[in-house]
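Here is a short note for a first look at this structure. Please read the numbered points with the model open.

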Amino acid sequence: KMGIALHPALLVKENQIFTLCCFFAVLFIVPFSVVCCCLRGSNVSSHGVSAETLKIFNACINLEVTAEDTVGLLAASAEERRQLCMDA
């Protein structure tokens, strides 16, 4: 004879379908959702800068950029715009 470590209410014949559905949901749906979230990827590079900011910097920075332009580049960055929205 084999014992199952479940609450006695879950082992009642009327609840067997519910118990099996919950078991398979936990067995398949939870790991599947975790894998999907991990594979979806992130919009942040390895150094913590958003991909949108990197695109803006790659388009705007050239040999003619001076130190005075850094304020404008900072204002154009996605992180700074998000921070301004959170502060408001």
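1. Start with a definition: buried means under 20% relative accessible area, exposed means over 50%, and partly exposed lies in between (1.4 Å probe, protein chains only). By that scale, cysteine 22 is partly exposed, because its relative accessible area is 33%. Cysteine 36 is partly exposed as well, at 36% relative accessibility.

2. A word on the source. This is a predicted model, where local features need pLDDT of at least 70 and side-chain atom pairs count only at pLDDT 80 or more, while totals for chains, interfaces and linings use all residues. Residues are numbered from 1 along each chain as its sequence is written, and side-chain values use heavy atoms, with hydrogens and water left out.

3. How many disulfides does a search of the whole structure find? The search finds 0. A disulfide here is a pair of cysteine sulfur atoms within 2.5 Å. Cysteine 22 is in no disulfide. Its nearest cysteine sulfur belongs to cysteine 21 and is 7.0 Å away.

4. Now the rings. Rings of Phe, Tyr and Trp (its six-membered ring) pair if their centres lie within 6.5 Å; planes under 30 degrees apart count as stacked, over 60 as edge-to-face, and the rest as tilted. The whole structure holds 2 aromatic pairs. Phenylalanine 23 and phenylalanine 24 are edge-to-face, because their ring planes meet at 75°, with centres 5.1 Å apart. Phenylalanine 24 and phenylalanine 28 are stacked, because their planes are at 5°, with centres 6.0 Å apart. Together, ring pairs link Phe23, Phe24 and Phe28 into a cluster.

5. Look at the spacing next. Helices (H or I, at least four residues) and strands (E, at least two) are DSSP runs, numbered from the N terminus. Phenylalanine 24 and phenylalanine 28 are 4 residues apart in helix 1 (residues 16-40), so about one helical turn separates them.

6. Phenylalanine 28 is exposed, at 52%.

7. Last, the surface. Leu20, Phe23, Phe24, Leu27, Phe28 and Ile29 make a nonpolar patch of about 620 Å². Like charges are joined within 9 Å, and nonpolar side chains (Val, Leu, Ile, Met, Phe, Trp, Tyr) within 5 Å. Accessible areas come from the Shrake-Rupley method with a 1.4 Å probe; for residues, only the protein chains shown count as cover.

Conventions: Patches are made of residues with over 30% relative accessible area and no salt bridge: like charges are joined within 9 Å, nonpolar side chains (Val, Leu, Ile, Met, Phe, Trp, Tyr) within 5 Å. A salt bridge is a side-chain nitrogen of Lys or Arg within 4 Å of a carboxyl oxygen of Asp or Glu.
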